[in-house]
Amino acid sequence: MDQFTDHFTDVTYTVDNGLAWITINRPERYNSFRARTVDELIKSFKCAWGSEDVGVICLTGAGEKAFCTGGDQKQRMETGDYGPSDSGLFEVDALHRVIRDVPKPVIAAVNGFAIGGGHVLHLLCDLTIAADNARFGQNGPRVGSFDAGFGTGYLARVIGEKRAREIWFLCRQYSADQAADWGLVNKVVPADQLRAEVRAWADEILLLSPTSLKVLKQSMNTDSEHFAGIGQMAYSSLKMFSDSAEAKEGITAFNEKRAPDFSAHRGN
């Protein structure tokens with residue numbers, strides 16, 4: 001811990017022999033994120049970025065049920081937004097950027113549900129190791145939300161257009177083995193071996209030239225960088241859409257634990 005992370009409430013940050021563990025610590029909300037969570041995640045990644053003691057970063061979730069289930073829909077229902085933040089903005093696009101821009105390999109350790117915005121977070125990490133009980137999928141169209149930047153275009157780059165469209169258009173959940181078969185994750189291990197597997201991969205990476213790894217990551221990112229601009233336009237659309245009756249039906253239905261009725265909006 002240090003001056004940037006020792007007052008965190010939603011995230012824990014620790015460093016162990018060159019490996020920084022960034023853990024979303026809201027298991028009571030299935031590690032969904034509010035604005036404060038996003039702020040703390042960004043600070044954690046920047047802390048790891050600037051630390052000479054860190055060569056590899058792991059993003060994971062607290063507990064055994066969830067890696068991350070995206071934006072906190074209970075918070076959104078209660079206040080109409082994701083709560084207060086340092087800047088007054090919901091900085092999830094900045095979080096996406098720092099995961100891609102940090103010049104060190106980032107491993108997602110998926111220890112349960114990776115749904116919605118949490119699915120996008122693991123996608124943006126350089127590598128994904130999943131527990132055998134992990135579940136992957138999108139939920140945005142169910143709750144009046146979407147990610148039309150990296151969460152769609154880059155997803156299609158990783159697994160192909162047809163599969164990416166299936167994930168978004170059906171909002172199903174997929175097993176760790178199915179995700180591995182599609183190339184969405186690098187390896188599946190028993191849940192009790194997840195942290196040890198991350199440690200083993202990190203130890204191999206830590207033997208390599210950090211400058212070489214940095215340039216390689218930047219080179220691969222260049223090919224998909226245009227999705228950042230598309231994402232900015234999508235966030236503008238999402239902000240306007242969030243105030244619509246259609247989006248409000250989605251979030252209300254989610255919190256009332258019922259199926260949403262979007263039939264009135266099909267002619268839009």
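This is a predicted model: local features need pLDDT of at least 70, side-chain atom pairs count only at pLDDT 80 or more; totals for chains, interfaces and linings use all residues.
Q: How much space lies in the second largest pocket?
A: On a 1 Å grid over the protein atoms alone, a pocket is an open set of points where a 1.4 Å probe fits, with protein on both sides within 12 Å along at least five of seven lines. Points are joined across faces, edges and corners, and the volume is the space filled by probe spheres set on them. Here the second largest pocket holds about 530 Å³. Its lining, meaning residues with an atom within 4 Å of a point, has 25 residues, and Cys125, Asp126, Leu127, Tyr154 and Met220 are the closest to the centre.

Q: Which elements supply the lining of the second largest pocket, and what classes of residue does it have?
A: Helices (H or I, at least four residues) and strands (E, at least two) are DSSP runs, numbered from the N terminus. Helix H3 (92–101), helix H4 (117–124), strand S7 (127–131), helix H6 (150–159) and helix H10 (210–222) each give at least two lining residues. H10 has the largest share, with five residues. For classes, Ala, Val, Leu, Ile, Met, Phe, Trp, Tyr, Cys and Pro count as nonpolar, Asp, Glu, Lys and Arg as charged, and the others, Gly among them, as polar. The lining has 14 nonpolar, six polar and five charged residues.

Q: Is cysteine 125 buried or exposed?
A: Buried means under 20% relative accessible area, exposed over 50%, and partly exposed in between (1.4 Å probe, protein chains only). Cysteine 125, in the loop between H4 and S7, is buried at 5%. Contact means heavy atoms within 4.5 Å; beyond its neighbours within four places in sequence, cysteine 125 is in contact with Leu59, Ile99, Val106, Ile107 and Ala108. As for H4, seven of its eight residues are buried, including His119 and His122.

Q: What is the strand order of the open sheet?
A: Strands of a sheet pair through backbone hydrogen bonds, either parallel or antiparallel. Two strands count as paired if DSSP finds at least two bridges between them. In this model six strands form an open sheet with mixed pairing, in the order S1-S2-S3-S5-S7-S10. Strand S1 (11–16) and strand S10 (187–189) are at the edges with a single partner strand each, so one side of each has no neighbour in the sheet. S7 and S10 run parallel and are joined by three bridges; alanine 130 has valine 188 in S10 as its bridge partner.

Q: Which strands does helix H9 touch?
A: Axes are lines fitted to C-alpha atoms, for helices over the stretch in contact, and angles run from 0 to 180 degrees between N-to-C directions. Helix H9 (residues 194–205) touches S1, S2, S3, S5, S7 and S10, and its direction makes about 155° with that of S7. Helix H1 (residues 35–50) lies across S1, S2, S3 and S5, at about 15° to S1.

Q: Where is asparagine 17, and is it buried or exposed?
A: Asparagine 17 is in the loop between S1 and S2 and is exposed, at 63% relative accessibility. Its phi is positive, about 50°, although it is not a glycine.

Terms used. Residues are numbered from 1 along each chain as its sequence is written. Side-chain values use heavy atoms; hydrogens and water are left out.
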